[in-house]
Every structure is written in structure tokens, then in C-alpha cells.
Amino acid sequence: MSAEWLDETAARIIRTVSKIPAKDEYGQDDLKHLLAKHFGDGIAVCRLFMGLSKDEFETVLTEKLGAGRTGVVAYRKDEALFLQALMEAGVCEHMALLVNRPIQWTDILIERLRSGRGRAIRGQSRGRSLEDFVEVLLREHFDHFDSRCSFVGRDGTRKAKADFAIPSKDEPQIVIEAKGYAATGSKQTDVLGDLREIVATKRHDTILLFVTDGLTWRRRMSDLRKIVEMQNRGEVARIYTRSKRDDFSQDLRTLRQDLGI
């Protein structure tokens with residue numbers, strides 16, 4: 001049976017897991033011991049117990065510790081604070097639940113299904129959630145718009161996909177792209193490609209707005225800088241996150257009045 005995933009890192013993590021004692025409860029001392037020998041492996045084990053991807057787990061820690069404070073340097077600087085964040089995230093509870101759970105062959109098959117489909121579904125759910133956030137605001141300000149469509153571009157024939165076109169996909173004056181990916185880097189590469197396709201297709205007087213969840217971009221600054229560069233060149237008019245809801249709403253109101261939509 002092929003085991004291409006079983007590289008040196010995976011083997012090292014497996015050895016770490018095999019040394020975890022079975023207990024009814026786990027606490028900060030257990031987490032400290034887990035991180036002691038190899039911080040990266042210990043963190044990997046923590047997120048495996050939580051059932052989260054690397055980026056998802058990073059997001060959880062960032063929310064509790066702050067951006068740039070989730071690595072080994074931050075851990076060594078304030079060990080107690082870091083361990084408390086892991087505790088609050090529920091790592092110890094998940095350890096106890098999983099270690100003391102009887103495993104059957106059906107559990108293994110279900111886990112394989114979850115690991116494949118779960119990641120894709122979570123990404124889709126985040127995207128739809130952000131699209132719903134945008135749609136609620138659009139309904140407050142506009143009587144007409146098309147969603148999840150292919151809009152007509154500058155030459156009247158070329159089309160590109162966008163999440164929203166206002167007032168219509170046939171004569172868009174505003175195009176909005178909403179991407180809620182906090183999962184993988186490949187999805188963010190897709191975002192850049194989608195934005196570039198919209199820019200290449202839309203009329204020069206069509207306004208492009210970009211809405212994102214803002215979480216994973218903080219950890220992929222090179223991609224975020226490329227989008228900001230697009231804004232600086234005037235290709236993207238504005239960039240919003242959920243936290244900028246009021247600004248987004250006000251700008252939509254202003255655009256409606258200025259464009260007479």
C-alpha cells in the first residue's frame with residue numbers, strides 16, 4: 001500500500017502521538033510536555049486533536065493571542081499565556097474525548113470521508129456566508145442586481161464570472177467579488193486569478209469592489225499586497241472585510257446616488 005504522505009515529519013509526529021499517555025483529563029502540564037521537544041510537532045498534534053487544518057488552527061490562535069504571536073518565539077516569551085490560549089481553544093477537552101473513545105472500523109472510514117469532503121464543504125460554507133453578508137447590504141440599497149453570474153464586459157461579448165453585478169449582468173456599473181476563504185493558499189491564488197479576469201473583462205468605468213473575510217490574508221501578506229497593488233492602480237476600487245460593514249454600507253449608498261442606479 002502506498003504511503004507517500006509518510007515522510008520524516010509525519011513519522012516524527014506519529015512518534016510524538018504514540019507517547020501520549022491515556023488519561024481521563026489533560027491540562028497545561030500535558031500541553032507543555034507536548035510542545036517541549038519539538039514545538040512545531042506539538043502544535044501539529046494539537047490541531048490534529050482539534051480536527052482543524054493548519055490555517056484554521058492558526059486562525060483560532062490568532063484570535064486569542066494576536067497576529068504574529070502564534071509561533072515558537074511567542075511561546076518562549078510567554079509560555080503561560082500561550083498554554084492558556086490552547087486550553088481556551090479546547091485542545092485538552094478534545095484530547096480527552098479522542099483518547100478515551102473506542103475506535104471501530106467505521107470510525108476510520110468516516111474520518112477518511114470527513115478529511116476529504118469536510119475541507120471542501122467548509123470552504124464553500126465560508127464563501128456562501130460572506131456572499132450572504134454582501135447580499136443583505138445590497139438589498140438595503142439597490143432594487144436590482146444579479147448574483148453569482150457572468151457579466152458582460154467591455155466589448156459587449158466577453159464575459160467573466162462575478163458574485164454580484166449591479167444593476168444587472170448585462171449592463172454592470174458595479175461588480176462585487178466576495179471571497180470568504182480561510183482555508184488554503186490555493187484558494188487564495190484562485191481569488192487573485194478571479195480578480196484579474198474581472199479586471200481584464202470589465203469596462204474601464206465599471207467599479208470593482210472586493211470583500212473578504214480578512215483572516216487568512218493576514219498570514220499570506222504577499223497575496224494581499226498584490227490585491228492592494230491592484231487597488232493602487234485603480235483596478236479594484238475598494239477592499240472590505242466584515243469589520244468594515246458600516247464603511248461598505250455607506251459607500252454603497254454613495255455609489256447608488258452618484259450613479260443614479
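Start by selecting α2. Its buried residues pack against α1 (8-18), α3, α5 (72-77), α6 and α7. Buried means under 20% relative accessible area, exposed over 50% and partly exposed in between, with a 1.4 Å probe and protein chains only. Packing here is contact, meaning heavy atoms within 4.5 Å. Helices (H or I, at least four residues) and strands (E, at least two) are DSSP runs, numbered from the N terminus.

This is a predicted model: local features need pLDDT of at least 70, side-chain atom pairs count only at pLDDT 80 or more, and totals for chains, interfaces and linings use all residues. Residues are numbered from 1 along each chain as its sequence is written, and side-chain values use heavy atoms, with hydrogens and water left out.

**Stop 1**

Select Asp 30, Leu 31, Leu 34 and Leu 35, the buried residues of α2. They lie on the same side of α2 because they cover an arc of only 130° around the axis. The arc is that of the directions from the helix axis to the C-beta atoms. Now select Asp 29, His 33 and Ala 36. These exposed residues sit on the face of α2 turned away from its buried side.

**Stop 2: α2 against α3**

Show both helices. Their axes are 6 Å apart, at an angle of about 130°. α2 is therefore oblique to α3. Axes are lines fitted to C-alpha atoms, for helices over the stretch in contact, and angles run from 0 to 180 degrees between N-to-C directions. Under 35 degrees is roughly parallel, over 145 roughly antiparallel, 65 to 115 roughly perpendicular, and the rest oblique.

Next, select Leu 31, Leu 34 and Leu 35 in α2. They meet Phe 39, Gly 42, Ile 43, Val 45 and Cys 46 in α3.

**Stop 3: the largest core**

Select Leu 31, Phe 57, Phe 82, Leu 86 and Val 91. They have the most contacts inside the largest nonpolar core, which has 26 residues. Such a core is a set of buried Ala, Val, Leu, Ile, Met, Phe, Trp, Tyr and Cys residues joined through side-chain atoms within 4.5 Å. α2 (28-36), α3 (39-50), α4 (54-65), α6 (79-89) and α7 (91-99) each give it two or more residues. α3 gives the most, with seven.

Zoom in on Val 91. It touches Leu 31, Cys 46, Met 50, Phe 57 and Leu 86, not counting residues up to four places away in sequence.

**Stop 4: a second core**

Move to Phe 142, Ile 166, Leu 209 and Leu 252. They are among the 19 residues of a second, separate core.

**Last stop: the whole protein**

Zoom out. The protein has 11 helices and five strands. Of its 261 residues, 40% count as buried.
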